[in-house]
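Thanks for coming. I will go through one structure today, and I will keep to side chains, contacts and charges.

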Amino acid sequence: MSQSLNFEAPAVDDPILRVQAENDDLVQRVNEQITLETFDSTDQKVLKQLVEGLGDPRGLVRLRFAETLGEIGEAATPFLVEALANHSNVVVRRAAAKTLTIISDPRAVPDLLHAFLNDEDRVVRSSAAGALARTGEASVPALLEILASDEHPQDIKGHAAWALAFIGSEAADHLYKALNAASLDVRCAVIGALGHVAQEQSDEKSCNLLVSALTDKEALIRTEAAAALGQVNYPPSVPHLILAIQDTDLDVRKAAINSLGKIGDRSALESLQPLLNDEQEVVRVLAKLAIAQIQRQSKADDW
């Protein structure tokens, strides 16, 4: 006698399923209103419900809520920053920060900074840094302050430097002013960001500042400048990088050799060749790679 297996269907009054159904209905309804241009962006109750929807356990549904709030735009900012600052559910705080990345509202900068520096969750902090980067110029003064402070750990400063570089050309005027800052961390981050500005805009001023930094008194700055020039197609930097391969600091030499290989200018070959016999093994290896890169580029150009 066979025994039948009874599978119990989920109860319709299951609170989790009920909330999920309500979320599905809400996001569908609001998207229809947005499409028909009938959505009331002053409806605080609905905006709060949409932010609560960022805590849905289904990842794709959370994404849909985030995209919907992104469509609504700056009207949602006050509700998102409130959730970012105070919501007990870390999933909502994470999603709020990511949604603010979509909206890029400068009004959110103070709250994003607070979350970036103080939230106990690593994902919230990194998402807040991403939102600051996307917000652009409005974030730059605060990011420079973080880099200049001795109070913040290196991981926070690393995220701040990344955000500054991401902002790039929008931050150019701030970067030019900060290049002579007292803080080495600020100057290092500025050099890296100037590399991005030079890439984005083929900016002559940024390129020249990077070349000038090759003779900075701080080896770390010289290293950053040499590395940044490798990302920029700026032929006038080649003679200066050739001089930098004889720098007293090994890291500067390594960065300059790498950059000469990336730029691919054959005029560097004569200066790189002797490095194949350098006393430092790492220099010999990098010189060999750089020479090979330049030769490949030369063949491609000849072809």
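How many salt bridges does a search of the whole structure find? The search finds 11. A salt bridge here is a side-chain nitrogen of Lys or Arg within 4 Å of a carboxyl oxygen of Asp or Glu.

Some ground rules before the details. This is a predicted model, where local features need pLDDT of at least 70, side-chain atom pairs count only at pLDDT 80 or more, and totals for chains, interfaces and linings use all residues. Residues are numbered from 1 along each chain as its sequence is written, and side-chain values use heavy atoms, with hydrogens and water left out.

Side chains of opposite charge can pair when their charged atoms come close.

Lys 157 and Asp 185 form a salt bridge through their side chains, at 2.8 Å from N to O. Lys 157 is in helix α9 (residues 154-167) and Asp 185 is in helix α11 (residues 184-201), so this pair ties together parts that are 28 residues apart in sequence. Helices are DSSP runs of H or I with at least four residues, numbered from the N terminus. Lys 157 counts as buried at 6% relative accessibility, while Asp 185, at 28%, counts as partly exposed. Buried means under 20% relative accessible area, exposed means over 50%, and partly exposed is in between, with a 1.4 Å probe and protein chains only.

Next, Arg 222 and Asp 247 form a salt bridge, with 2.9 Å between the closest N and O atoms. Arg 222 belongs to helix α13, and Asp 247 to the loop between α14 (238-244) and α15 (250-263), so the pair ties together parts 25 residues apart in sequence. Arg 222 and Asp 247 are both buried.

Then there is Arg 253 with Asp 278, a salt bridge of 2.7 Å from N to O between the side chains. Arg 253 sits in helix α15 and Asp 278 in the loop between α16 (269-272) and α17 (281-302), so parts that are 25 residues apart in sequence are tied together by this pair. Arg 253 counts as buried at 10% relative accessibility, and Asp 278 is buried too, at 14%. Elsewhere, salt bridges with shared partners join Asp 24, Asp 56 and Arg 58 into one network.

Staying with charge, which residues gather in a patch of negative charge on the surface? They are Glu 137, Glu 170, Asp 173 and Glu 200. A patch is made of residues with over 30% relative accessible area and no salt bridge, and like charges are joined within 9 Å. Asp and Glu count as negative, and the place of a charge is taken as CG of Asp or CD of Glu. Asp 173 is in helix α10 (residues 172-178), and Asp 173 is exposed at 54% relative accessible area.

On to packing. In helix α8 (residues 140-148), the buried residues are Val 140, Ala 142, Leu 143, Leu 144, Ile 146 and Leu 147. What do the buried residues of α8 pack against? They pack against α6 (109-118), α7 (122-135), α9, α10 and α11. Contact means heavy atoms within 4.5 Å.

Ile 221 is in helix α13 (residues 219-229) and counts as buried at 1% relative accessibility. Leaving out residues up to four places away in sequence, Ile 221 touches Leu 184, Arg 187, Cys 188, Ile 191, Ala 213 and Asp 216. Ile 221 and Cys 188 are 33 residues apart in sequence, with their C-alpha atoms 5.8 Å apart.

Thr 77 is in helix α4 (residues 77-86). Is Thr 77 buried or exposed? Thr 77 is buried, at 2% relative accessible area. Again leaving out residues up to four places away, Thr 77 touches Leu 100, Ile 103, Asp 105, Arg 107 and Ala 108.

Last item, the backbone. Glu 37 has a phi near 60 degrees, a positive value in a residue other than glycine. Glu 37 is in the loop between α1 (15-36) and α2 (44-52) and is exposed, at 73%. Ser 104 also has a positive phi, near 55 degrees. Ser 104 lies in the loop between α5 (90-103) and α6 and is buried, at 19% relative accessible area.

Methods
Patch = residues over 30% accessible without salt bridge, like charges linked within 9 Å, V, L, I, M, F, W, Y side chains within 5 Å. Areas by Shrake-Rupley, 256 points an atom, 1.4 Å probe, with all protein chains shown as cover. Helix = DSSP H or I, 4+ residues; strand = E, 2+ residues; numbered from the N terminus.
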